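Subject: Structure for you to look at

Hello,

The structure is below, followed by what was found in it. Please read it with the coordinates open.

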Amino acid sequence: MSFEWNAHRFSGGVLALDLANTVIFREDRKRSLDRLADPAEVPRFAEAAATFRNGEWGTVRFHAPKSQDGIKALIDVREVVNRLFRDAAGHARIRADYLSEFLHIGANVVGEEWSEESLLLPKVSDRRRELSLGAAAFLSALRLLDPARLERIKICPNCHWLYFDESRNRSRRWCDMNVCGNRAKARRHYVRSLGHAGNDHA
């Protein structure tokens with residue numbers, strides 16, 4: 001069953017983290033949902049990513065894998081990106097074993113790319129680029145290894161998605177203020193209202 005790949009689904013800030021966030025509620029087995037478990041969603045995600053990540057890549061077309069092996073390779077990229085940066089979030093360090101796995105999987109993915117010109121790191125340009133979604137996600141993640149960028153990776157306290165904090169003083173707290181921020185405010189208001197109600201009946 002398809003759904004809308006809207007702006008909130010791309011609140012990770014960069015393609016690599018958006019891909020990692022295609023699994024919802026990772027920490028809750030009862031609620032966990034993989035949006036890419038349906039192969040039909042993979043090309044839809046790739047098409048939406050080209051629009052919502054225009055600021056990172058410029059004019060681009062991401063080729064979605066079609067075979068089961070290709071989709072598995074994309075999922076492998078997603079999972080190693082999630083492990084690498086979820087562990088790094090908050091203390092800006094990289095585990096050697098995660099980095100080794102990330103580079104190994106990435107080398108396999110970019111090795112399938114037909115054009116060396118496509119393998120430039122993300123760069124905004126009016127010139128149209130075409131590359132596989134897996135290679136693009138790996139290159140996006142590779143750029144995050146810069147220490148100045150690594151320390152800006154955070155985990156949303158509401159939905160637990162990864163996001164890149166681009167605010168000047170790194171003060172952004174939520175992956176999406178309009179969604180997670182408002183939900184947190186609503187919860188706090190609800191808890192306060194329960195407290196007031198309890199005091200009224202004391």
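The protein has eight helices and six strands, where helices (H or I, at least four residues) and strands (E, at least two) are DSSP runs numbered from the N terminus. Starting at the N terminus, the order of elements is α-β-β-α-α-β-α-α-β-α-α-β-β-α. This is a predicted model, in which local features need pLDDT of at least 70 and side-chain atom pairs count only at pLDDT 80 or more, while totals for chains, interfaces and linings use all residues. Residues are numbered from 1 along each chain as its sequence is written, and side-chain values use heavy atoms, with hydrogens and water left out.

Of the 202 residues, 45% are buried; buried means under 20% relative accessible area, exposed over 50%, and partly exposed in between (1.4 Å probe, protein chains only). Among contacts with a separation of 6 or more, 59% are between residues 24 or more positions apart, a contact being heavy atoms within 4.5 Å.

Helix packing

Two packed helices are described by the angle between their axes and the distance between the axes. Axes here are lines fitted to C-alpha atoms, for helices over the stretch in contact, and angles run from 0 to 180 degrees between N-to-C directions. Angles under 35 degrees count as roughly parallel, over 145 as roughly antiparallel, 65 to 115 as roughly perpendicular and the rest as oblique. A crossing is left-handed if the near helix is turned anticlockwise from the far one by less than a right angle, and right-handed if clockwise.

- H4 (residues 68-88) and H5 cross at roughly 155°, and their axes come within 9 Å. That makes H4 roughly antiparallel to H5. The crossing is left-handed. The contact involves Ala73, Asp76, Val77, Val80, Val81, Arg83, Leu84 and Asp87 of H4, and Tyr98, Leu99, Glu101, Phe102, Ile105 and Val109 of H5.
- H4 and H6 cross at roughly 15°, with axes that come within 9 Å. H4 is therefore roughly parallel to H6. This crossing is left-handed. H4 contributes Leu74, Val77, Val81 and Phe85 to the contact, and H6 contributes Leu133, Gly134, Ala137, Phe138 and Ala141.
- H5 (residues 96-110) and H6 (residues 133-143) pack at about 140° with their axes 9 Å apart. The two are therefore oblique to each other. The crossing of H5 and H6 is left-handed. Its contact residues are Phe102, Leu103, Gly106, Val109 and Val110 of H5, and Gly134, Ala135, Phe138, Ala141 and Leu142 of H6.

H6 is mostly covered, with nine of its 11 residues buried. One of its residues, Ala141, has a relative accessible area of 0%. Leaving aside neighbours within four places in sequence, Ala141 is in contact with Ala16, Val81, Phe85 and Phe102.

Charged side chains

The whole structure holds 15 salt bridges, each a side-chain nitrogen of Lys or Arg within 4 Å of a carboxyl oxygen of Asp or Glu. One of them pairs Asp34 with Arg78 (2.7 Å, N to O). It links distant parts of the chain, with Asp34 in strand E2 (residues 33-34) and Arg78 in helix H4, 44 residues apart. Asp34 is partly exposed at 27% relative accessibility, whereas Arg78 is buried at 2%. Arg78 also forms a salt bridge with Glu79, the closest N and O atoms being 2.8 Å apart.

Another salt bridge joins Arg170 and Glu151, with the closest N and O atoms 2.5 Å apart. Arg170 is in the loop between E6 and H8, and Glu151 in the loop between helix H7 (147-150) and E5, 19 residues apart. Both ends are partly exposed, Arg170 at 37% and Glu151 at 40%. Separately, salt bridges that share partners join Arg26, Asp34, Arg78 and Glu79 into one network.

Arg9 is buried yet has no salt bridge, and the nearest side chain of opposite charge, Glu4, is 8.2 Å away. For charge, Lys and Arg count as positive and Asp and Glu as negative; His and the chain ends are not counted. Arg9 lies in the segment before helix H1 (15-20).

Backbone

Most residues other than glycine have a negative phi. His160 has a positive phi of about 70°, and Arg170 one near 55°. His160 sits in the loop between strand E5 (153-155) and strand E6 (162-164).

Regards
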